[in-house]
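Try each task before you read its solution.

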Amino acid sequence: MRVDEVMRRALVASESALGVSSPNPPVGAVILDATGAVAGVGHTQPPGGPHAEVMALRAAGDRARGGTAVVTLEPCNHVGRTGPCAQALLDAGVVDVVYAVTDPNPSAAGGAATLRAAGVRVTAGVLDEEARSGPLRYWLHRQRYGRPFVTAKMAATLDGRIAAPDGTSQWITGPASREHAHRQRGRLDAIVVGTGTVLADNPSLTARNPDGTLMSHQPARVVLGRRDVPADAALRDGRAPLVHVRSHDPQAVLDALPDALHVLVEGGPAIIGAFLEAESVDELHAYLAPTILGGGASAVVDRSVTTLTEAHGFRRTAVTELGDDLLVVLEARRRDR
């Protein structure tokens with residue numbers, strides 16, 4: 001099996017750590033035995049639990065001796081809530097280590113040097129770009145900017161409406177879009193809505209499977225605004241943490257989530273507009289239904305934009321068909337990119 005194929009298997013494994021490993025990076029690891037066969041696969045566990053390398057080593061057992069470790073991020077070299085992964089690989093008798101991304105965190109970096117000093121062959125940078133744009137992108141963003149990666153989501157008609165003039169809004173988009181949105185929720189750290197949305201729609205903001213059951217991971221539910229969340233609100237059902245930020249400042253939300261790597265802003269329109277105005281949106285997920293209303297509530301309200309040259313610019317990165325709907329994924333254009 002080629003090393004890039006093994007690395008892609010490690011990347012797939014790392015997806016299971018999204019929303020679970022925070023604030024630690026969602027890492028995937030594969031252990032090959034001395035013959036090159038897959039002996040173990042693992043991903044980062046919740047904070048305080050084993051890292052990806054340790055999980056893969058446990059699965060491999062004695063077959064790890066004389067084998068190869070393929071990891072999406074440079075093995076850590078420090079003692080935190082768990083021991084250093086570089087030492088775990090040495091103790092297991094691994095003779096080759098291949099990783100994608102060099103750890104940018106000074107407190108954890110240096111694993112490659114430790115391994116080389118002990119005589120292990122180390123190869124860095126395999127599928128580096130794929131790894132950086134995959135599950136690690138949110139952790140790497142936090143390392144660079146000191147705040148979570150923020151995705152804004154809207155589900156709208158072709159003319160940008162999220163409700164008809166009489167207020168009806170269920171359902172603008174179809175079941176395929178809603179199922180996709182729930183899969184995305186199950187990989188997040190937090191979902192943000194405003195008090196207006198809570199009072200008008202009483203959302204639960206849970207991540208659900210197609211059969212209606214709850215997914216194993218539930219993101220924190222964050223309410224932005226000064227009005228109270230009613231005692232009987234669905235958000236108070238205890239199925240996920242509830243954070244109420246009594247402010248209208250997007251930065252206050254990000255400050256209230258020090259461990260979050262990926263945050264989704266769902267609305268309402270003024271909340272999305274506030275994050276856009278604060279230049280705190282990194283990515284936009286626009287679910288578009290093949291429908292025109294001609295009136296009703298707009299998907300975004302941002303009164304800071306008064307002329308075309310002040311518009312928020314995006315770069316399209318993907319378009320996906322979801323039944324009759326389209327999901328358009330866009331990356332924010334910013335001067336520091």
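**Exercise 1: the surroundings of one asparagine**

Leaving aside residues up to four places away in sequence, asparagine 209 touches Leu214 and Met215. Keep in mind that this is a predicted model.

Task: Find where asparagine 209 sits, and decide whether it is buried, partly exposed or exposed.

Solution: 
- Step 1. Locate the residue: asparagine 209 belongs to the loop that runs between α8 and β9 (220-224).
- Step 2. Read its relative accessible area, which is 29%. Buried would need under 20% and exposed over 50%, so asparagine 209 counts as partly exposed.
- Step 3. Look at its side chain: a polar atom there lies 3.5 Å from the backbone oxygen of leucine 214.
- Step 4. Compare sequence and space: glutamate 179 is 30 residues away from asparagine 209 in sequence, with a C-alpha to C-alpha distance of 7.6 Å.

**Exercise 2: the largest pocket**

Task: Describe the lining of the largest pocket by its residues and their classes.

Solution: 
- Step 1. Start with the volume, about 1000 Å³.
- Step 2. Turn to the lining of 33 residues, where Lys153, Ser169, Trp171, Asp201 and Glu266 lie nearest the centre.
- Step 3. Ask which element gives the largest share: α7 does, with 5 residues.
- Step 4. Sort the lining by class, giving 16 nonpolar, 11 polar and 6 charged residues.

**Exercise 3: the second largest pocket**

Solution: 
- Step 1. By class, its lining has 10 nonpolar, 9 polar and 7 charged residues.

Methods: Residues are numbered from 1 along each chain as its sequence is written. This is a predicted model: local features need pLDDT of at least 70, side-chain atom pairs count only at pLDDT 80 or more; totals for chains, interfaces and linings use all residues. Side-chain values use heavy atoms; hydrogens and water are left out. On a 1 Å grid over the protein atoms alone, a cavity is a set of points where a 1.4 Å probe fits but cannot get out, and a pocket is an open set with protein on both sides within 12 Å along at least five of seven lines; lining residues have an atom within 4 Å of a point. Grid points are joined across faces, edges and corners, and a volume is the space filled by probe spheres set on the points. Helices (H or I, at least four residues) and strands (E, at least two) are DSSP runs, numbered from the N terminus. Ala, Val, Leu, Ile, Met, Phe, Trp, Tyr, Cys and Pro count as nonpolar, Asp, Glu, Lys and Arg as charged, and the others, Gly among them, as polar. Buried means under 20% relative accessible area, exposed over 50%, partly exposed in between (1.4 Å probe, protein chains only). Contact means heavy atoms within 4.5 Å. A polar contact is a pair of N or O atoms within 3.5 Å; within protein, one must be able to donate a hydrogen and the other to accept it, and residues adjacent in sequence count only if both atoms are side-chain atoms.
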